[in-house]
Amino acid sequence: MAKSFGDAFETLSQFRGVSIAAINGYATGGGLEVALACDIRIAESQTMMALPEASDC
């Protein structure tokens, strides 16, 4: 499953067009990583973004 997600992120990052992420609500973990792989990110003011694995230190 991890390979499938990795392949999807790689495909998105190599997309020749412009990719846009519309973020509303929570974007954590993999959801935020997908948004970060896009060229443009638009988020609502109440959006919460986090990488929970980074807080385990």
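This note goes through the fold, surface, core and charged pair of the structure above.

1. Basis. This is a predicted model, in which local features need pLDDT of at least 70, side-chain atom pairs count only at pLDDT 80 or more, and totals for chains, interfaces and linings use all residues. Residues are numbered from 1 along each chain as its sequence is written, and side-chain values use heavy atoms, with hydrogens and water left out.

2. Fold. The protein has two helices and four strands, taken as DSSP runs numbered from the N terminus (helices: H or I, at least four residues; strands: E, at least two). Their order along the sequence is α-β-β-α-β-β. The C-alpha trace spans about 30 × 25 × 15 Å along its principal axes.

3. Of the 57 residues, 16% are buried (buried is under 20% relative accessible area, exposed over 50%, partly exposed in between; 1.4 Å probe, protein chains only). Of the contacts (heavy atoms within 4.5 Å) between residues at least 6 apart in sequence, 17% join residues at least 24 apart.

4. Core. The largest nonpolar core consists of six residues: Ala-21, Ile-23, Ala-27, Leu-32, Ala-35 and Cys-38. Strand S1 (20-23) and helix H2 (30-37) each supply at least two residues of this core. Such a core is a set of buried Ala, Val, Leu, Ile, Met, Phe, Trp, Tyr and Cys residues joined through side-chain atoms within 4.5 Å. Beyond its neighbours within four places in sequence, Ala-27 contacts Leu-32, Met-48, Met-49 and Ala-50.

5. Surface. The protein exposes about 4,400 Å², with 59% supplied by carbon and sulfur atoms (Shrake-Rupley method, 1.4 Å probe; for residues, only the protein chains shown count as cover). Val-18, Ile-20, Ile-40 and Ile-42 make up a nonpolar surface patch with about 380 Å² of accessible area together. Patch residues have over 30% relative accessible area and no salt bridge; like charges are joined within 9 Å, and nonpolar side chains (Val, Leu, Ile, Met, Phe, Trp, Tyr) within 5 Å. Ile-42, in strand S3 (residues 40-43), is exposed at 53% relative accessible area.

6. Charged pair. One salt bridge is found in the whole structure (a side-chain nitrogen of Lys or Arg within 4 Å of a carboxyl oxygen of Asp or Glu). The side chains of Lys-3 and Asp-7 form a salt bridge at 3.0 Å, N to O. Both residues belong to helix H1 (residues 2-13), four residues apart, about one turn of the helix. Lys-3 is exposed, at 61% relative accessible area, whereas Asp-7 is partly exposed, at 39%.
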